[in-house]
Amino acid sequence: MKTTRIITLSIVSLLLFSTNIIAGEKWLQGYKKVLVIGAHPDDPESMCAGTMLKLKDMGAEVVAVYLTSGEAGIVGKTHEQARTIRQAEAKKACDMLGVRAIFLTQIDGNAEVNKERYAEMKELIETEQPDMVITHWPIDSHRDHRVCSILVYDAWRMTGRNFDLYYSEVMTGMQTQNFTPALWVDITSYRDKKIQAYLCHESQELEGAVKEYHDTMERMRGMECQAKYAEAFVQQLWK
Ligand SMILES: [Zn+2]
């Protein structure tokens with residue numbers, strides 16, 4: 001009897017697990033307000049613009065948050081000039097996705113972790129009251145990405161862990177490292193728009209990154225969940 005029950009439960013769990021992987025989106029249901037917090041203009045789009053579009057279609061309000069404004073990201077431009085250009089590009093991308101943009105006050109290439117920066121991220125969460133936040137996976141070759149992830153994790157803890165926190169990848173193979181996803185979203189029907197929004201960051205000349213990274217990453221994640229293109233995530237579970 002006991003063995004039968006165990007076998008039955010195992011089969012049910014397996015079926016549920018498979019369904020979750022194939023359907024891929026059940027875990028997305030029910031969210032009302034989603035913040036996608038990236039270190040630089042283009043990071044939220046790079047991480048999960050497909051999922052952002054899908055969440056919007058599922059009824060969620062979606063906001064892209066930029067920790068810095070990419071001040072160090074244009075050769076030959078001052079920080080002020082680059083900030084103006086890159087904020088305009090980010091706004092264009094957000095308009096295309098139909099999401100709101102928020103710019104925090106950190107500086108590209110020099111993102112800090114200190115009491116004031118922890119407080120800034122906590123204040124953002126308290127003001128926006130999301131029920132879901134997506135940010136960088138914390139192991140990443142870019143310092144600003146690591147800083148962004150740790151600030152969001154801290155804000156999650158300091159605001160009572162009352163939103164669901166997910167991590168995602170950017171340019172795996174160059175930036176995100178040691179990322180083994182547990183959740184997938186089929187973005188096949190949103191993929192063209194994702195790439196269009198990503199390419200709004202014209203100053204970054206991202207056509208090469210689409211070919212070299214996004215084509216491979218999104219197809220690889222798609223192969224993992226029986227979709228043509230997918231984005232993948234890990235949920236923060238330990239409270
Ligand atoms: Zn970045």
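Two strands pair if DSSP finds at least two bridges between them. The exercises below apply to a predicted model.

**Exercise 1.** Find the bridge partner of Leu-183 in E7, and state in which sense E6 and E7 pair.

Solution. Step one: E6 covers residues 183-186 and E7 covers 230-235. Step two: the two strands are joined by four bridges and run in the antiparallel sense. Step three: within E7, Leu-183 is bridged to Phe-233. Step four: on E6, the side chains of Leu-183 and Val-185 point one way, while Trp-184 and Asp-186 point the other way. These four residues are all buried.

**Exercise 2.** Determine whether Asp-140 is buried or exposed, and list its contacts beyond four places in sequence.

Solution. Step one: locate Asp-140 in the loop that links strand E4 (132-136) to helix H5 (143-158). Step two: apply the cut-off of 20 or more other C-beta atoms within 10 Å. Asp-140 has 25 of them, so Asp-140 is buried. Step three: leaving aside neighbours within four places in sequence, Asp-140 contacts His-145, Arg-146, Gln-175, Thr-176 and Gln-177. Step four: for Thr-176, the C-alpha to C-alpha separation from Asp-140 is 4.3 Å, against 36 residues in sequence.

**Exercise 3.** Describe the phi angles of Asn-178 and Gln-226, and classify the exposure of Asn-178 and of Gln-226.

Solution. Step one: most residues other than glycine have a negative phi. Step two: phi of Asn-178 is positive, near 55°, and phi of Gln-226 is also positive, near 60°. Step three: Asn-178 sits in the loop between strands E5 (164-168) and E6, whereas Gln-226 sits in the loop between helix H7 (207-224) and strand E7. Step four: Asn-178 counts as exposed because it has 9 C-beta neighbours inside 10 Å. Gln-226 has 14 such neighbours and therefore counts as partly exposed.

**Exercise 4.** Characterise the packing of H4 on H5.

Solution. Step one: the axes of H4 (residues 115-128) and H5 come within 9 Å and cross at roughly 60°. Step two: this angle makes H4 oblique to H5. Step three: the crossing is right-handed. Step four: H4 contributes Arg-117, Tyr-118, Met-121, Lys-122 and Ile-125 to the contact, and H5 contributes Leu-151, Val-152, Asp-154, Ala-155 and Met-158.

**Exercise 5.** Name the residues with the most contacts inside the largest nonpolar core.

Solution. Step one: this core has 56 residues. Step two: Val-36, Met-52 and Val-133 have the most contacts inside it. Step three: beyond four places in sequence, the contacts of Val-36 include Met-52, Val-62 and Ile-134.

Definitions and conventions. Residues are numbered from 1 along each chain as its sequence is written. This is a predicted model: local features need pLDDT of at least 70, side-chain atom pairs count only at pLDDT 80 or more; totals for chains, interfaces and linings use all residues. A residue is buried if 20 or more other C-beta atoms lie within 10 Å of its own, exposed if 12 or fewer, and partly exposed in between; C-beta atoms are placed from the backbone. A nonpolar core is a set of buried Ala, Val, Leu, Ile, Met, Phe, Trp, Tyr and Cys residues joined through C-beta atoms within 7 Å. Two residues are in contact if their C-beta atoms, placed from the backbone, lie within 7 Å. Axes are lines fitted to C-alpha atoms, for helices over the stretch in contact, and angles run from 0 to 180 degrees between N-to-C directions. Angles under 35 degrees count as roughly parallel, over 145 as roughly antiparallel, 65 to 115 as roughly perpendicular and the rest as oblique. A crossing is left-handed if the near helix is turned anticlockwise from the far one by less than a right angle, and right-handed if clockwise.
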